[in-house]
Amino acid sequence: MNTAVTHQASKANDTQQKQGSIRRRLLSYIVIGVVGLLLTFSVVTSWLTTKQTSSQLVGNAKQVSSALAQQSALALITASIENAKAALDQVLAFPDVDGAGLVSWDGSFYEWRGSQAGTEYFRNIDWADVKDNMLFDEDSDHWYIASVVILSNSTPDETGESLFETADEKLGYAIISFSKQSLYETNLNIIITIGLTGLISIIGLILIVGSAIQKQLSPLRELTKIMVYNHQTGEHNLANVSGAREIEQMAASFNAMMQTLDEQDERLRNHRDQLEAEVKIRTRELVEARDAALSSSRHKSEFLANMTHELRTPIQSIMGYVDLVKEETESEGVFQVSEDLDKVSRNAERLLGMINSVLDLSKIEAGRMELKINSVYLNDLLRDVEEATAPLVPANKNQFSLLNHCENMLLRIDNEKMLQVLINLVSNACKFTESGQITLEVKQHKNLLEFHVIDTGIGIPDHKLSSVFHEFIQVDSGENRRFGGTGLGLAISKQFCELMRAKIEVDSVVGEGTRFTVTLPIQR
């Protein structure tokens, strides 16, 4: 069983790998959540750091610009380029300052040192709108800050305090170009640090959380193996699983269900065994009843065969004596009894026909009817049918037609049985037709020979078509029936057809007539 469980478990694992296991899905959700949090944290941290660093750098730039403005008063008063260069070179030594310049209040003096911005750029600025220590412009790489250069007119005394004050004079502006490179490097370092920290965190989270999930889901996987094995084998093995409370509850429910199924299977097995015992008893009883019925049927058929044989001999003797008496009376000129003797002869022939039918039926049921194959020409067979049924046609004022669409072929059949089938069909047509037309039509279809017996008689109702070939069944039945007969002619005809591997069918419309068709395989 352990090997089977292992095999089924491997199949279950393959299925889980294809469909995605719970562990993999949980890890995916956790990783996606952590990555989302890290991205959000990175964006917010980067934005806050950029804002703070940018404010700090701009503050430093303003301090540098203010210092340049304090050292540039002499250069603007004297409009001396040499004095301006000394102050500008000193400012360019500060980190992130890659350009500095001075411009007079009226724009008549301009000096720029370092990179960025040209003379024409600053000359187009409306300096009247620029205030002291102001960030007046910036681009993607620099901030531009201007500070007002002021000439103070206060005179200090011996203690350093002003004796009198006059209005300060604005000489111009000190301008610096402050690079944003430090800001970009700081942001890049922050992003790299957050990315590396996040990657390490994700890897560690996957290892730790994956191991924890694996440990927590191990009992559930064992329970799944037992379920899959039971489902595929039909067994009811119990699960011995311990773990989280929910998994233990699932295992307990599964075990209860398996025990219930075991009990139901046990009841079903007991019920099945009981039914099998009863079926054996009933089968034995049915076999005994069948054997008794077959024995009774065989005895009945043998009895009928013996009785009909015993009855046929006296009837034939009576018919022979009637013919002798009729000849003697006619030779003596006594014709008054001839008609009565004819009635006796006809009734004897009728009785003999019924006895022959019963004898044939009993032989068929007893399995003693055999085919006697011989050769006969089709025209001879049809002529015998026509001669045998000729006395029956005028009885009900009918007319008979023979339509043969085939050549005079030589057939290998049981001539007597085929003749009796056709005579039975024509006789029935004559009996159930009055002042009508009866037709025997013969056709050939490939290797089949078709005999159609068509009449314009009373027809057969639809609900009786399926029973016309049963023994002792007649279309005109009941106490007040108009037509006689034993109801064996069609039954015997069907049995003869089956012996000859032929097929007999019937089509009929009430009030219009009936068509019987016998399909016979041609054997030459």
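1. Lys-503 and Glu-505 are joined by a salt bridge, with 3.8 Å between the closest N and O atoms. The term denotes a side-chain nitrogen of Lys or Arg within 4 Å of a carboxyl oxygen of Asp or Glu. The model is predicted, so that local features need pLDDT of at least 70 and side-chain atom pairs count only at pLDDT 80 or more, whereas totals for chains, interfaces and linings use all residues. Residues are numbered from 1 along each chain as its sequence is written, and side-chain values use heavy atoms, with hydrogens and water left out.

2. Both partners of this pair are partly exposed: Lys-503 has a relative accessible area of 46%, and Glu-505 one of 39%. Here buried means under 20% relative accessible area, exposed over 50%, and partly exposed in between (1.4 Å probe, protein chains only).

3. By the stated rule, the count comes to twelve salt bridges. Side chains of opposite charge can pair when their charged atoms come close. A network of salt bridges links Asp-380, Arg-383, Asp-384 and Glu-387.

4. Helices (H or I, at least four residues) and strands (E, at least two) are DSSP runs, numbered from the N terminus.

5. Arg-383 is partly exposed at 39%, as is Asp-384 at 25%; Glu-387, at 51%, is exposed.

6. The largest nonpolar core has 40 residues, and those with the most contacts inside it are Leu-378, Met-418, Leu-449, Phe-451 and Val-518. Such a core is a set of buried Ala, Val, Leu, Ile, Met, Phe, Trp, Tyr and Cys residues joined through side-chain atoms within 4.5 Å. Elements that each supply at least two of its residues include helix H9 (378–389), helix H11 (489–499), strand E13 (503–509) and strand E14 (513–521). Helix H10 gives the most to this core, with eight residues.

7. Met-418 is in contact (heavy atoms within 4.5 Å) with Leu-381, Ile-413, Phe-451, Met-500, Val-518 and Leu-520, leaving aside its neighbours within four places in sequence.
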